[in-house]
2 protein chains.
Amino acid sequence: MSIISRVAVHAFCYELEDFDHNMMTYAKNGRSPVTKFVTVIETDDGLRGEFAPHYMANAMTCAQVSQMAPMLIGRNAEHRSRIFEDLKNAFRHFDRAGVAAIDGALWDLAGKKHNCSVAQLLGGYRDRIPAYASTFPGQSKPGGLDSVQAYADFAQQCRELGYPAFKIHGFWDGKPESEIAVMTAVRDRVGDSMRLMTDPASSLPTFLDAIEVGRACDDLGFFWYEDPYRDASSSAFGQKKLRDFIKTPLLVSEHIRGFEQKADFLLAGGTDIVHIDPELDGGITGTMKIAGFAEALGIDVQIHTAGPMHRHCLSAIVNTYYYEMGLVGPGMFNSMQPPIYTCGYGDQLEDIDSDGCVSIPAGPGLGVTYDWDFITSKQTNLSEISG
Amino acid sequence: MSIISRVAVHAFCYELEDFDHNMMTYAKNGRSPVTKFVTVIETDDGLRGEFAPHYMANAMTCAQVSQMAPMLIGRNAEHRSRIFEDLKNAFRHFDRAGVAAIDGALWDLAGKKHNCSVAQLLGGYRDRIPAYASTFPGQSKPGGLDSVQAYADFAQQCRELGYPAFKIHGFWDGKPESEIAVMTAVRDRVGDSMRLMTDPASSLPTFLDAIEVGRACDDLGFFWYEDPYRDASSSAFGQKKLRDFIKTPLLVSEHIRGFEQKADFLLAGGTDIVHIDPELDGGITGTMKIAGFAEALGIDVQIHTAGPMHRHCLSAIVNTYYYEMGLVGPGMFNSMQPPIYTCGYGDQLEDIDSDGCVSIPAGPGLGVTYDWDFITSKQTNLSEISG
């Protein structure tokens with residue numbers, strides 16, 4: 001038995017270069033402080049699991065992990081399914097994003113204990129997955145995706161790199177015509193050589209705006225239409241009604257937390273494809289539950305954003321299309337990824353093979369290693385509990 | 001115009017006496033550190049709104065408020081509906097519990113600006129509301145509700161104080177027989193003189209356990225049956241199925257965040273009464289949206305837990321029964337309430353009139369005043385932003 005004896009949450013802050021403070025738009029020589037964290041779980045028999053979230057590593061999630069940590073001490077580190085349920089219920093009033101940061105470390109630990117990858121623990125059957133390029137949002141300041149033309153150029157660049165599909169995050173200015181202009185320019189440029197998707201990220205102000213952009217998706221043959229409008233893309237009723245007007249499959253549910261609620265959302269007609277974010281939806285344990293639920297209903301899932309945990313899940317999930325390589329933009333570092341990998345792992349634009357695939361890390365556990373000198377030198381807070 | 005010029009989040013830590021570290025069970029001479037916070041919003045014309053959450057004032061919510069605060073600077077403090085929507089969308093991946101702490105302060109500020117209470121701003125029509133006694137959970141250590149007999153004694157005490165209704169939070173040990181023993185003893189003691197409810201708080205391990213306790217609710221004539229089992233009381237499908245077996249109305253949805261998701265949950269048959277927590281569900285703005293939605297469907301709501309914000313909402317909500325006075329127990333301070341009121345406000349067992357009602361605070365805004373000397377002397381962190 002491996003009994004959890006210590007849980008540590010290392011928060012660290014580094015400077016992101018050439019970005020505006022929002023970490024989403026390019027700013028030449030801009031410097032933006034970014035705080036992320038790593039969860040470390042240790043057992044009394046000397047095992048150690050580590051996990052550093054990407055997109056969702058923020059102060060709110062970090063606070064959750066610290067609040068959850070005391071519940072882990074003294075427990076069998078391999079009892080992941082029970083730990084998951086106990087955390088789920090203890091923090092049932094909240095989004096429980098922190099569960100993922102713990103679950104990821106527990107799977108890493110288990111893989112290292114048994115000297116196999118998380119993908120192997122999951123019964124994963126493939127070591128490569130096709131990726132789509134998922135862009136940064138547009139910007140009015142020069143640089144990055146600062147014009148309709150810039151999107152078309154970047155889509156072409158992605159196609160030449162080998163990406164089979166391209167997802168637009170547009171200008172998010174609330175104007176359907178602005179959204180449609182980007183969609184049209186990209187389709188014109190790449191023709192039928194790429195699958196195209198668009199994600200207004202709940203920015204369209206009204207339901208009628210959502211219909212307008214949805215009809216453009218239909219006309220331009222888009223592969224899916226994601227999170228259209230200001231209901232925070234969280235009303236199943238609204239999305240179902242939207243489908244009365246458009247034919248493009250909807251990818252909604254990124255903002256629905258809890259696998260039970262995600263299930264209800266699908267049953268209520270809220271989406272055509274289920275969106276799962278391993279860093280928000282209970283880690284690997286939560287992701288596989290949702291993927292299995294959707295599979296049982298004959299429905300596909302898409303994994304939201306990128307990271308090692310995502311890749312291991314995708315190795316074993318059969319009802320899915322693509323890995324989301326993002327966010328990417330011309331000359332832009334993917335700011336979601338903490339700059340801490342010493343093993344060559346990366347979620348940057350060029351981190352695909354020529355056929356547009358990414359690899360599943362092959363080492364034990366999550367199969368990645370972190371630069372602890374960097375993390376320690378940038379550490380702003382260490383929350384730890386042992387027993 | 002009143003433009004927001006400063007937002008401050010004051011975290012403070014005090015010792016709760018005679019409680020175990022969980023803040024839920026009695027422990028003679030126990031001392032438990034509790035961290036809560038107050039949000040303060042100031043405008044360029046000298047207005048100031050304040051709000052101190054009760055139940056949901058924790059480190060996670062506090063972190064959210066600090067992350068949200070920069071979005072407020074420079075905005076018209078009376079544009080609550082737009083601020084609400086912007087925060088809702090910006091933090092759409094998360095539970096958004098922090099919105100309430102901001103919304104409460106904005107309503108307080110608006111009331112003070114117009115020299116009327118929040119209840120008046122809402123069109124409130126009553127200044128008193130009947131309350132039910134909502135118990136602490138049971139405990140195995142001596143003190144508090146440490147036996148079935150203790151529950152019966154306490155129910156009788158509550159009836160004698162004037163409470164018209166009594167809600168059991170049982171031993172939460174996962175045993176239906178333990179739940180039913182408390183329910184039976186309380187009904188035997190108070191007869192038909194009180195309405196009775198029970199809330200297993202999602203602690204029953206299985207669906208069949210939930211049916212068993214539900215049938216006891218039917219047999220004992222319980223007024224409602226709340227959050228039965230381990231789906232975190234968040235599966236609409238599960239609750240709907242449960243209703244095939246029992247007749248007592250279900251009160252579920254305390255753990256569903258977001259008013260759109262709450263609406264879908266009701267439409268999917270997830271509950272018979274909608275549970276709204278103003279401190280979790282977007283403050284007064286969010287609460288009134290959900291109450292209106294339920295009202296339009298001919299459905300009642302119940303406001304979860306206690307606090308000044310809750311009372312003002314209840315003054316204006318017509319489709320509801322009771323104020324939840326809790327948590328209360330024999331000889332136990334309601335640990336949800338921060339000990340900061342200088343105006344006589346309280347959510348303690350005795351804070352009802354002889355007819356079982358609580359009053360709506362009458363002063364401007366939320367109508368309460370805080371002990372800033374106490375808060376400042378206990379302050380552990382001040383997060384502030386101005387512009």
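**Exercise 1. The two domains of chain A**

What distance separates the centres of domain 1 of chain A and domain 2 of chain A, taken over C-alpha atoms?

*Solution.* The model is a predicted one.

Step 1. The domain assignment divides chain A into domain 1, made of 4-117 + 366-386, and domain 2, made of 121-359.

Step 2. Taken over C-alpha atoms, the centres of domain 1 of chain A and domain 2 of chain A lie 24 Å apart.

Step 3. Contact involves 39 residues of domain 1 of chain A and 48 residues of domain 2 of chain A. About 3700 Å² is buried between these domains, with 69% of it on carbon and sulfur atoms. On the domain 1 side, M24(A), Y26(A) and H54(A) lose the most area to domain 2 of chain A, together 20% of what that side buries.

**Exercise 2. Polar links and elements between the domains**

*Solution.* 

Step 1. Two salt bridges are found across this interface of chain A, along with 17 residue pairs in polar contact.

Step 2. On domain 1 of chain A, the elements that give two or more residues to the side touching domain 2 are β1 (4-19), β2 (26-43), α2 (80-90), α3 (98-114) and α12 (372-377). The largest share, seven residues, comes from α3(A).

Step 3. By residue class, this side of domain 1 of chain A divides into 24 nonpolar, seven polar and eight charged residues.

**Exercise 3. The interface of chain A and chain B**

Characterise the contact between the two chains.

*Solution.* 

Step 1. In this interface, 39 residues of chain A are in contact with 39 residues of chain B. The buried area is about 3200 Å², of which carbon and sulfur atoms give 56%.

Step 2. No salt bridge is found between chain A and chain B, whereas 21 residue pairs are in polar contact.

Step 3. At least two residues each come from α1 (59-68), α2, α8 (236-242) and α9 (259-267) of chain A. The element α1(A) gives the most, with six residues. The side of chain A that touches chain B comprises 16 nonpolar, twelve polar and eleven charged residues.

**Exercise 4. The relation of the copies**

What rotation superposes chain A on chain B?

*Solution.* 

Step 1. A rotation of 180 degrees, with 0.0 Å of shift along its axis, superposes chain A on chain B with an RMSD of 0.0 Å. The two copies are therefore related as by a two-fold rotation axis.

Step 2. In chain A, the C-alpha of D95(A) is nearest the axis, 2.4 Å from it.

Step 3. Because 100% of the interface residues of chain A are also interface residues in chain B, the copies meet through the same surface.

Notes:
Residues are numbered from 1 along each chain as its sequence is written. Chains are lettered from A and ligands numbered from 1 in the order in which they are written. This is a predicted model: local features need pLDDT of at least 70, side-chain atom pairs count only at pLDDT 80 or more; totals for chains, interfaces and linings use all residues. Side-chain values use heavy atoms; hydrogens and water are left out. Copies are superposed by least squares on the C-alpha atoms of residues with pLDDT of at least 70 in both. Contact means heavy atoms within 4.5 Å. Domain bounds come from an automatic or database domain assignment. Buried area is the accessible area (1.4 Å probe) that two parts lose on being put together, summed over both. A salt bridge is a side-chain nitrogen of Lys or Arg within 4 Å of a carboxyl oxygen of Asp or Glu. A polar contact is a pair of N or O atoms within 3.5 Å; within protein, one must be able to donate a hydrogen and the other to accept it, and residues adjacent in sequence count only if both atoms are side-chain atoms. Helices (H or I, at least four residues) and strands (E, at least two) are DSSP runs, numbered from the N terminus. Ala, Val, Leu, Ile, Met, Phe, Trp, Tyr, Cys and Pro count as nonpolar, Asp, Glu, Lys and Arg as charged, and the others, Gly among them, as polar.
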